[in-house]
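Good morning, and thank you for coming. Please keep the sequence and the model in view while I speak.

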Amino acid sequence: MADRRSRSISSRKQPQQVRSSELVAAILDAAVQVLAKEGAQRFTAARVAERAGVSVGSLYQYFPNKAAILFRLQSDEWQRTSELLRGILADRTKPPPARLRALVHAFIRSECEEAAIRVALNDAAPLYRDAPEAHDARAAGEEIIAVFMREALPKAANATRALAGELIKTTLSEIGKRFSEVPRKDAEIVRHADGLADMFCAYLAELARR
């Protein structure tokens, strides 16, 4: 069952030439626009093709169905999030609290800037959330956080580090999602991120003292 689901949401083929790559980029750009405007419930391959200015047949050369398009958008979002986590949390030129603070600010700002598309992708999640690729993406993010927690809390027990990482990840995700549900001004984003970062840093400092 998992293999069949994985094949059904994967791209039909990968673009090999510049023209093909440009076509796929146009389709994905159109998909973002349709998803943000229409939402997951009214998202269709036909609407994406119309917005991209291509035939449905051309779209189906690369994406067999709408689930494949949505999964590609979600996969790209997962990749950006992983790169964000890795780029900030793996920077050993800065102490762990500074890295955590930078991550909170970058994540909250990203949530606000891409709120519409994130909400729509969350609505579409049942189409692909059990796919192997989804599990792999979550595992990659969890490993990045686990490595950071070993640096931030070198003397803590493994269970303590795991719990701290899970609490920070879940809290950041949920607060970011709720905070970004309405448009925010820059000052609001900074103030909110500062408060959240203060809370996380104080939590890790307390764990380090135990």
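This is a predicted model: local features need pLDDT of at least 70, side-chain atom pairs count only at pLDDT 80 or more; totals for chains, interfaces and linings use all residues.

**Fold, cores and selected residues**

Among contacts in the protein between residues at least 6 apart in sequence, 71% join residues at least 24 apart; contact here means heavy atoms within 4.5 Å. Residues are numbered from 1 along each chain as its sequence is written, and side-chain values use heavy atoms, with hydrogens and water left out.

Let me begin with the overall picture. The protein has ten helices and zero strands, giving the pattern α-α-α-α-α-α-α-α-α-α along the sequence. Helices (H or I, at least four residues) and strands (E, at least two) are DSSP runs, numbered from the N terminus. Along the principal axes, the C-alpha atoms fill a box of roughly 60 × 40 × 30 Å.

Of the 210 residues, 37% count as buried. Buried means under 20% relative accessible area, exposed means over 50%, and partly exposed lies in between, with a 1.4 Å probe and protein chains only. The accessible surface comes to about 11,900 Å², and 53% of this surface belongs to carbon and sulfur atoms. These areas come from the Shrake-Rupley method with a 1.4 Å probe.

As for charge, there are 33 positive and 27 negative side chains, and the centres of the two sets lie 2 Å apart. Lys and Arg count as positive and Asp and Glu as negative, whereas His and the chain ends are not counted. Each charge is placed at NZ of Lys, CZ of Arg, CG of Asp or CD of Glu.

I turn to the interior. A nonpolar core is a set of buried Ala, Val, Leu, Ile, Met, Phe, Trp, Tyr and Cys residues joined through side-chain atoms within 4.5 Å. Which members of the largest nonpolar core touch the most other members? Of its 30 residues, they are Leu35, Phe43, Val48, Leu59, Phe63 and Tyr128. Helices H2 (18-38), H3 (45-52), H5 (66-89), H7 (115-124) and H8 each give two or more residues to this core, and the largest share, seven residues, comes from H2. A second, separate core has 28 residues, including Phe107, Met149, Ala152 and Ala164.

Next, helix H6. This helix covers residues 96-113, and its 18 residues reach 26 Å from first C-alpha to last, close to the 26 Å expected at 1.5 Å a residue. The expected span is 1.5 Å times one less than the number of residues. Among the buried residues of H6 are Pro96, Arg99, Leu100, Phe107 and Cys112. The buried residues of H6 pack against H5, H7, H8, H9 (158-179) and H10 (186-209).

Two residues illustrate these surroundings. Phenylalanine 148, in helix H8 (residues 132-152), is counted as buried because its relative accessibility is 3%. Beyond its neighbours within four places in sequence, phenylalanine 148 is in contact with Leu89, Pro96, Arg99, Leu100 and Leu204. Cysteine 112, in H6, touches Phe179, Ser180, Arg184 and Ile189, residues up to four places away in sequence being left out.

Finally, are lysine 37 and asparagine 122 buried, partly exposed or exposed? Lysine 37, in H2, counts as exposed because its relative accessibility is 61%. The C-alpha atoms of lysine 37 and isoleucine 117 are separated by 9.0 Å, although these residues are 80 apart along the chain. Asparagine 122, in H7, is partly exposed, with a relative accessible area of 42%.
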